Amino acid sequence: MAVSAPPAQRRGMTKTEKRNQVMGLLFISPWLIGFLLFALFPLAASLYYSMTNYDFIREPQFIGAANYVRLFTTDPDFWTVMYNTLYYVGIGVPLGIAVAFLIANLLNSEIKGRTLFRSVIYIPSIVPTVCAAMVWLFILNVQYGAINGILKTMGLATIPFLSSPELAKPSLIMIYIWAQGTAVVIFLASLQDVPRSLYDAALVDGANAWNRFWNVTVPLCTPVILFNFIMGIIAAFQDFTLPFVLTGGGPMKSTEFYVVNLYRNAFVQFSIGKASAMAWILFLIILLFSVILFRTSARWVYYGGEK
Amino acid sequence: MTSASQTVTGTTQVQQPSKVRSQSFGNTVAKFAIYTLLILLSITWIFPLYWMATSSLKDDPQIYTVPPVLIPNPAYWNNFYDAWTRFDFNQAAFNSVFLYSVPVTILTLISSLIVAYGFAKIPFRGREPLFWICIATMMLPWQVTMVPLFIIFKNLGWINTYWPFVVPSMFGNAYFIFLLRQFFRSIPEELSDAARIDGAGEFGILWRIIVPLSKPAIAVVLLFRFMWSWNDYLGPLIYINTESMQPLALAIYRMRTLALSMGTTAMAYPHLMAVSTLVALPIILIFIFAQRTFIEGISTTGLKG
């Protein structure tokens, strides 16, 4: 760890130190300027707009916390949108992690063709979301989609995956899980780091496959599970392209997720104040979830003997 | 290591042949189960992409036939050409590559290299806290800055241009700054010192010593940044209004509207699948040829696709 100069030397910097101070700040200045211009200033501006009435055209009018109050009390869509999003995040993220972890464990066993299997599982997560959305739109179609085609062939009833308000969210969760290749790769890398000696020791103690999985693999992977959980929640709360392109929020607002609604408020309705308030609420929700996960993590995450 | 483990297994086998046999039988069953599961999962996972590619080759009757046509016969290969030219996809591809992905990727790399070098190799006061701020910005949801940035870029007259993507990329990207900084720190300081004695400045050290040694990390930056801009949908949706300026992602969305309104007539679905296949293909090919770089990028920093 490089530590900055000890206090005793603070008064007089040597020539090299002075040069380093200038050069260091010069090198990081692109980021520093970018941070001020494209993060800090917009962040403050967004907080200000969230307390105004603004439509891009007339000057913003300051109205205090009214946007927030209206969202929580009288807004017809806010709680629907919130419910949809929590449903998607609350079911999709844990399910996605469970599936990804199980697939990673299968891939980590002594098999031939691991690279090929891993590629097949991973590729859907890098295919452009628009392209993936198009093919799912087609596959899940009630009339000429592949899945309903197979059901019809077997003489079964068709399933209105995307056209029924009850099934649209589960369908989107299914696609979400299909695109969890990144989590699989991260899990696989962490599984490969689990020392073999621990399994050998467990084997000597007579542990069966399930015991080895539950008492060796899972505890040692908890830090990565926590990482994937937090990253997953942050990403899922912000999901936009898939629901927007696939269902456009419908049917009957059943897939109107948070950011889809935020986008609509900002760039279709031009309710900048309301959209900014929504953005800040989202920011705080994500922060809250991350903090809760970190706080509880002491109870379930194992950090190699350190407490 | 290999020989040691072989010796151990060898002795076990000699000492307890019966136990080993039952164990190996159990192993065979377990292996069979694992392979079966993996093959089933793989088929499920690859099916949508298979369906996208093969539907590109169908004509309208093959699209709505029940049972679904698994292998198109006859295959209409000219669908790819017809779909691509139905809307001006050449223009969209030009926009995606030359106005968006390439400039943004190169500028992000250069700026991130410079900033990462400052954070990794030059000791200066305030470096650690500034670095932590840099890391913290990765947690900031972009929706919070989306609206004010739009207002700024609108006032600058940058709507319908690619400046809102190109200009911010000149200021580094926190993910890549972090990635490169970690990589730079693993490069021994002696190499820089040797160059310093030969009279090289900090920029000289960065370009001539650090960059050539950091090719794996640079490859990760190039790949992921290119992929993100290629796949980006919301950014262009906000900033690009005219059709001639649209990148591929938005052009595909226009074809979706056509498919939804026409159903199984006028080749809407085959063409929609054909352009989706063509737009996804470069990303899949890049992955196949640079698989190790992808896997390393994800496993070390958790970069998302």
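Visitor: How much of chain A is buried?
Guide: This is a predicted model. In chain A, 38% of the 307 residues are buried.

Visitor: How many helices and strands does chain A have?
Guide: Chain A has 13 helices and 2 strands.

Visitor: And what is the radius of gyration of chain A?
Guide: Chain A has a radius of gyration of 25 Å, whereas a compact globule of 307 residues would have one near 19 Å. The C-alpha trace of chain A spans about 80 × 65 × 35 Å along its principal axes.

Visitor: How many helices does chain B have?
Guide: Chain B has 16 helices and 0 strands. Its radius of gyration is 26 Å, well over the 19 Å from the globule rule for 305 residues, so chain B is more spread out than a compact globule. As for burial, 40% of the 305 residues of chain B count as buried.

Visitor: Now the contact between the chains. How many residues does each one contribute?
Guide: Chain A gives 75 residues to the contact and chain B gives 73 residues. On the side of chain A that touches chain B, helix H1 (residues 15-49) provides the largest share, with 19 residues.

Visitor: How does that side of chain A divide into nonpolar, polar and charged residues?
Guide: The side of chain A that touches chain B has 57 nonpolar, 17 polar and 1 charged.

Visitor: Why does Ile34(B) count as partly exposed?
Guide: Ile34(B) counts as partly exposed because it has 16 C-beta neighbours inside 10 Å. A residue needs 20 or more to be buried, and 12 or fewer to be exposed.

Visitor: Let us change topic. Which residues of helix H6 of chain B are buried?
Guide: In helix H6 (residues 127-136) of chain B, the buried residues include Arg127(B), Phe131(B) and Cys134(B). They lie on the same side of H6(B), because they cover an arc of only 55 degrees around the axis.

Visitor: What is on the face of H6(B) turned away from the buried side?
Guide: That face of H6(B) carries the exposed residues Pro129(B), Trp132(B) and Ala136(B).

Visitor: And what covers the buried residues of H6(B)?
Guide: The cover includes H1 of chain A, together with helix H5 (89-121) and helix H9 (174-185) of chain B.

Visitor: Which residues have the most contacts inside the largest nonpolar core?
Guide: The largest nonpolar core has 146 residues, and those with the most contacts inside it are Val135(A), Val184(A), Phe187(A), Leu180(B) and Ile252(B). Domain 1 (2-55) and domain 2 (79-300) of chain B both give residues to this core, so it lies between them.

Visitor: What does Val135(A) touch?
Guide: Not counting residues up to four places away in sequence, Val135(A) touches Pro48(B), Trp51(B), Met52(B), Met273(B) and Ser276(B). There is also a second, separate core of 5 residues, which includes Val104(B), Leu107(B), Tyr162(B) and Phe165(B).

Visitor: How far apart are the two domains of chain B?
Guide: The C-alpha centres of domain 1 and domain 2 of chain B lie 39 Å apart.

Visitor: Finally, the backbone. Which peptide bond in chain A is cis?
Guide: The peptide bond from Gly250(A) to Pro251(A) is cis, with omega near -10 degrees. Pro251(A) lies in the loop between helix H11 (241-246) and helix H12 (258-267) of chain A.

Visitor: What is phi of Met252(A)?
Guide: Phi of Met252(A) is near 50 degrees, a positive value in a residue other than glycine. Met252(A) is also in the loop between H11 and H12 of chain A.

Visitor: Is Met252(A) buried or exposed?
Guide: Met252(A) counts as exposed, because it has 11 C-beta neighbours inside 10 Å.

Visitor: And Met267(B), buried or exposed?
Guide: Met267(B) counts as buried, because it has 21 C-beta neighbours inside 10 Å. Met267(B) has a positive phi of about 60 degrees although it is not a glycine.

Methods: Residues are numbered from 1 along each chain as its sequence is written. Chains are lettered from A and ligands numbered from 1 in the order in which they are written. This is a predicted model: local features need pLDDT of at least 70, side-chain atom pairs count only at pLDDT 80 or more; totals for chains, interfaces and linings use all residues. Helices (H or I, at least four residues) and strands (E, at least two) are DSSP runs, numbered from the N terminus. The radius of gyration is taken over C-alpha atoms; the globule rule is 2.2 Å times the number of residues to the power 0.38. Two residues are in contact if their C-beta atoms, placed from the backbone, lie within 7 Å. Ala, Val, Leu, Ile, Met, Phe, Trp, Tyr, Cys and Pro count as nonpolar, Asp, Glu, Lys and Arg as charged, and the others, Gly among them, as polar. The arc is that of the directions from the helix axis to the C-beta atoms. Domain bounds come from an automatic or database domain assignment. A nonpolar core is a set of buried Ala, Val, Leu, Ile, Met, Phe, Trp, Tyr and Cys residues joined through C-beta atoms within 7 Å.
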